[in-house]
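Here is a short briefing on charge contacts, ring pairs and a surface patch. Keep the model open while reading.

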Amino acid sequence: MDAATFVDRVRGQDFFADQIAHVEVLPARPAQYEDLEEGLHPSIERALAAQGIERLYTHQAAAIEHVREGRNVVIVTGTASGKTLCYNIPVMETMLEDSMATALYMFPTKALAQDQLRGIGALETEEMADWFMAGTYDGDTPGTLRRRLRDGANVILTNPDMLHCGILPHHARWNRFFTHLKYIVIDEVHAYRGVFGSHLANVMRRLHRICRHYGSQPQFICCSATIGNPRQHAERITRVPMEIVDNDGSPRGPRRFVMWNPPPLTTAARGSGENWRVGGDRRSPLEQAADLMTALVQEGVQSIAFVRTRLASELLFKGVRDRLRPISRRLSQAVHAYRGGYLPEERRAIEKALVEREILGVASTNALELGIDIGSLDACILVGYPGTVASTWQQAGRAGRGEDESLVFLVGQNTPMDQYLMIHHDYLFNQTPEEAVIDPDNPHITIGHLRCATHELPLSDDEAQDFGPYADVVLELLEEEGYVRHIDGRWHWASSEYPAAEVNLRNISGPVYTIQDDRNGERVIGTIDEFSAMTQLHDHAVYLHGAETYFVEELDLDQKIVHVDRRDLDYYTQSIQASQIRIDEVEDERRWLDAEVGFGDVTVTTTIPMFKKIKFATRDSLGFEQLDMPPQELETVAMWFAPPTELAQEMMRQGMIVGEALIGIANVFVEVAPLFVMCDMQDIGTVVDSSCLGRDALFIHDRYPGGMGFAARCMERIDEILPTIRQVVADCGCEDGCPSCVGSAVPPFAMTDLDTAVRGRIPDKRAARFMLDELLGSAGEA
């Protein structure tokens, strides 16, 4: 596509109002090739030639050499750089030499595993036809095929959930596979961070035990998008030393990256000529994204828009379809949403339609951020900063595969972080990606895996140490509860339960709820975790699925079912929540720039007293409805920050409220933290409280039981985070505070925000700025 011409045409559209804050032109990058020292197996060489591949990129050659020499390796290159060949080639070469050899491929999603099976098939040679077998082994695999794969497959493609729940507990049936296991491939290893990554690290601890039991010692091959600590992260996941390959030799076409800031709502500001520098309320980024995607689809430009939540994907899909319907019914049918919660057959149909260009526009959550083959797209719209530099480039890489030109729009949210990037756009193009964070030793996570490990094989006292410093205490607790017994230096499973079924790798928040359409014969239309069910799908909430609106008749907490009814509604709902915090144990406390900072164990109690109804088109409030929901208690970790007493007293003398200043700082903190800690805004929460320390303090807590390390990392980097917050507040052009700085008014998609009660109003900007200026002084100057 001609990206520059399209951008010029956009300037003439009715919806254009000086939204373009900056255009970054990224030049093309030529391919770099390298030959292998001993060349390729002739059969593999012929299979590659049949795909039009004559030479290997530099990173492919380097990775294959490492694997051939017996090293574990992590490959860190961009989207569509051919990482798959880095593991498929050495694996298939080994199979040609040893027909009994096996390999385990692991992907974060079932969809990605099924997609990658085609890549293996493309390398299968004639001499392998009689004995080679590869297949996906997941929840969608039929029983008869499962037995065939278990008994005879050379390559199993699966996901962590199936490995955890369906393979390791039944390892005796897999003795052939584990005895001959040569390789373990972990694709998209950067996706395993936070809770999911911490769970996977424990699954790998269990897998190592099983391999030792059957006498195998497989090599690990990991692939990752660009993050700040790929080798360390891969080593923490796999528990083996890694070599890193990051000399990306794949070609990249030119890319035009447009920073698009929705215009202010005020007429005067819109006429200023520099709309992107004005503070105050702005037009909906979803509406802006719908306008852009509509224009792209009209010109036949195949596009993808990434949004942060399921609801936003449905709202954007609905907005584009409604705009296109009066223009062309055919084009209106060529857009769709894609997100978690869709049934597998729905997702497969959408992926196939994208590859065949039957769909020209798709609104997706990060479910399509990973490497599922959906063909070569022309344009990408990021609705809001994705939260990390790594995710930004991963999503942007979905457009312009190969050497074709691509176009990327980053549509700014009305939030401090997005508005900071609209002004300081050089940050995005020059910043080193963030470091992935996991905490595999979190006892709330290890307890489930210790139960699983003892169920799989008796656990020796020495092996227990592999599960972290709390393993002994956790095992004693399990013994008291009758789950395990300690006999002759080994822990044995002593229960009739199946422990793997009780551990959800994707969260620590309990069971998964089924969303059931009662009008159509109790048809299951989606799933959701427990906390999200209580905040999003409470009684009388509105659920969006397939651009349809469903009214929640009942949230059945006992049966874990959400009963919904299809209705035509012109509004959606947003829960109102409030949090209180209590310090349980102080681990660290010190002075920082005359302020008090600390870290420790806390309990956060959240209540959901009501929800708000919001009209789709205008975002007008249609009123509130009371809720009777049980309070939720979260035992986690937090860092806290209490300003100096002298500063608080001076603010009071000047008529400013300390709590108001801290609320403003808290709103910006949640937005800015992901720049320094690889987390989502939903991973951390804020509470402003005066009861714990006897004075007003700001608490930043992990939103997971036991913590994931996010609050601890925030405390480590507070000397970088607070000056950035100061810069965000100072840059905003408003006078009294707005959603672009201290206000952080809740955007329409933020239905899971714990702090809606705090973040839904505009606190005192003057107080927040005074506190930051007085505290940081010259230390906070750029």
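The structure holds 34 salt bridges, each being a side-chain nitrogen of Lys or Arg within 4 Å of a carboxyl oxygen of Asp or Glu. The model is predicted: local features need pLDDT of at least 70, side-chain atom pairs count only at pLDDT 80 or more, and totals for chains, interfaces and linings use all residues. Residues are numbered from 1 along each chain as its sequence is written, and side-chain values use heavy atoms, with hydrogens and water left out.

**Salt bridges**

- Side chains of opposite charge can pair when their charged atoms come close.
- Glu 596 and Arg 695 meet through their side chains in a salt bridge of 2.7 Å, N to O.
- This pair links distant parts of the chain, 99 residues apart: Glu 596 sits in strand 26 (residues 595–615), and Arg 695 in the loop between strand 29 (684–689) and strand 30.
- Helices (H or I, at least four residues) and strands (E, at least two) are DSSP runs, numbered from the N terminus.
- Glu 596 counts as buried, at 14% relative accessibility, while Arg 695 is partly exposed at 22%.
- Buried means under 20% relative accessible area, exposed over 50%, and partly exposed in between (1.4 Å probe, protein chains only).
- Asp 584 and Arg 582 form a salt bridge at 3.0 Å, N to O.
- Both ends are partly exposed: Asp 584 has a relative accessible area of 41%, and Arg 582 has 45%.
- Asp 322 bridges to Arg 325, with the closest N and O atoms 3.1 Å apart.
- Asp 322 is partly exposed at 36%, and Arg 325 is partly exposed at 36%.
- A network of salt bridges links Arg 209, Arg 212, Arg 239, Glu 463 and Asp 466.

**Aromatic pairs**

- The count comes to 20 aromatic pairs.
- Rings of Phe, Tyr and Trp (its six-membered ring) pair if their centres lie within 6.5 Å; planes under 30 degrees apart count as stacked, over 60 as edge-to-face, and the rest as tilted.
- Tyr 483 and Trp 493 are stacked, at 5.9 Å centre to centre with 20° between the planes.
- These two lie 10 residues apart: Tyr 483 is in the loop between helix 21 and strand 18 (484–487), and Trp 493 is in strand 19 (residues 490–493).
- Tyr 483 and Trp 493 are both buried.
- Trp 640 and Phe 699 have ring centres 5.8 Å apart and planes at 45°, so this pair is tilted.
- Trp 640 lies in strand 28 (residues 632–642) and Phe 699 in strand 30 (residues 697–702), so the pair ties together parts 59 residues apart in sequence.
- Trp 640 is buried at 0% relative accessibility, and Phe 699 is buried at 0% as well.
- Phe 6, Phe 15, Phe 16, Trp 260 and Phe 409 are joined by ring pairs into a cluster.

**Negative patch**

- A surface patch of negative charge gathers Asp 461, Asp 462, Asp 472, Glu 476, Glu 479, Glu 480 and Glu 481.
- Two elements give two or more residues to it: helix 20 (461–464) and helix 21 (471–480).
- Helix 21 gives the most, with 4 residues.
- Patch residues have over 30% relative accessible area and no salt bridge, and like charges are joined within 9 Å.
- Asp 462 belongs to helix 20 and counts as exposed, at 67% relative accessibility.

**Helix 8**

- Thr 179 is in helix 8 (residues 175–179) and is partly exposed at 35% relative accessibility.
- Thr 179 and Met 100 are 79 residues apart in sequence and 9.6 Å apart in space, C-alpha to C-alpha.

Definitions and conventions. Patch = residues over 30% accessible without salt bridge, like charges linked within 9 Å, V, L, I, M, F, W, Y side chains within 5 Å. Areas by Shrake-Rupley, 256 points an atom, 1.4 Å probe, with all protein chains shown as cover. Lys, Arg positive; Asp, Glu negative; His and termini not counted. Charge placed at Lys NZ, Arg CZ, Asp CG, Glu CD.
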